[in-house]
Amino acid sequence: MEFALEVEGYAVSSAEDLTAAGISSFAEGSVCVIVDEDAILYRQGTLSALRELHPPIIMLVDRSPPDLPGAQVLRKPWFGNALMTAIASAVQDRDGENAGLRKNP
């Protein structure tokens with residue numbers, strides 16, 4: 001997924017898994033956060049930490065989506081340009097640069 005985003009011209013920061021303590025610092029400055037449910041599954045406090053993030057969130061799921069109001073849900077496996085469409089939709093109202101996910105100049 002990281003390669004596909006970079007090919008599309010996005011700057012990407014990634015982590016294999018997230019803990020409640022690391023979510024806010026990881027997402028700081030991002031205009032969009034993409035989270036695979038496997039990265040937060042069974043990790044105490046991560047869902048509530050995600051609820052406090054301000055960037056749009058795209059959840060990649062293959063189970064029932066977690067209770068995360070306002071998050072866009074993309075079911076795995078996705079096909080074609082579904083992820084790029086979800087990103088464009090999530091960030092369309094955002095302005096300015098960000099450190100996490102942005103189009104490269």
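**View 1. The largest nonpolar core of the predicted model.** In this predicted model, the largest nonpolar core comprises 13 residues, and those with the most contacts inside it are Val33, Val35, Leu50, Leu53, Ile57, Met59 and Leu68. At least two residues of this core are supplied by each of helix 2, strand 2 (33–36), helix 4 (46–51) and strand 3, with strand 3 giving the largest share, 3 residues. Apart from this core lies another, of 12 residues, which includes Leu5, Tyr10, Ala90 and Val91.

**View 2. Surroundings of isoleucine 57.** When residues up to four places away in sequence are not counted, isoleucine 57 touches Val33, Val35, Leu50, Leu68, Ala71 and Gln72.

**View 3. Isoleucine 23 in helix 2.** Isoleucine 23 belongs to helix 2 (residues 20–27) and counts as buried because its relative accessibility is 2%, under the 20% cut-off.

**View 4. The buried side of helix 5.** Leu83, Met84, Ala86, Ile87, Ala90 and Val91 are buried in helix 5 (residues 82–91). These residues lie on the same side of helix 5, because they cover an arc of only 160 degrees around the axis.

**View 5. Confidence along the chain.** The mean pLDDT of the chain is 76, and 78% of its residues reach 70 or more. Among the elements of the chain, the highest mean pLDDT (89) is that of strand 3 (residues 57–61), whereas strand 5 (residues 101–103) has the lowest (45). Over residues 95–105 the pLDDT is below 50, and this stretch has 28 contacts in the model beyond near neighbours in sequence. Where pLDDT is low, the predicted coordinates should not be read in detail.

Key: Residues are numbered from 1 along each chain as its sequence is written. This is a predicted model: local features need pLDDT of at least 70, side-chain atom pairs count only at pLDDT 80 or more; totals for chains, interfaces and linings use all residues. Side-chain values use heavy atoms; hydrogens and water are left out. pLDDT is the predictor's confidence in each residue, from 0 to 100. Helices (H or I, at least four residues) and strands (E, at least two) are DSSP runs, numbered from the N terminus. Contact means heavy atoms within 4.5 Å. Buried means under 20% relative accessible area, exposed over 50%, partly exposed in between (1.4 Å probe, protein chains only). The arc is that of the directions from the helix axis to the C-beta atoms. A nonpolar core is a set of buried Ala, Val, Leu, Ile, Met, Phe, Trp, Tyr and Cys residues joined through side-chain atoms within 4.5 Å.
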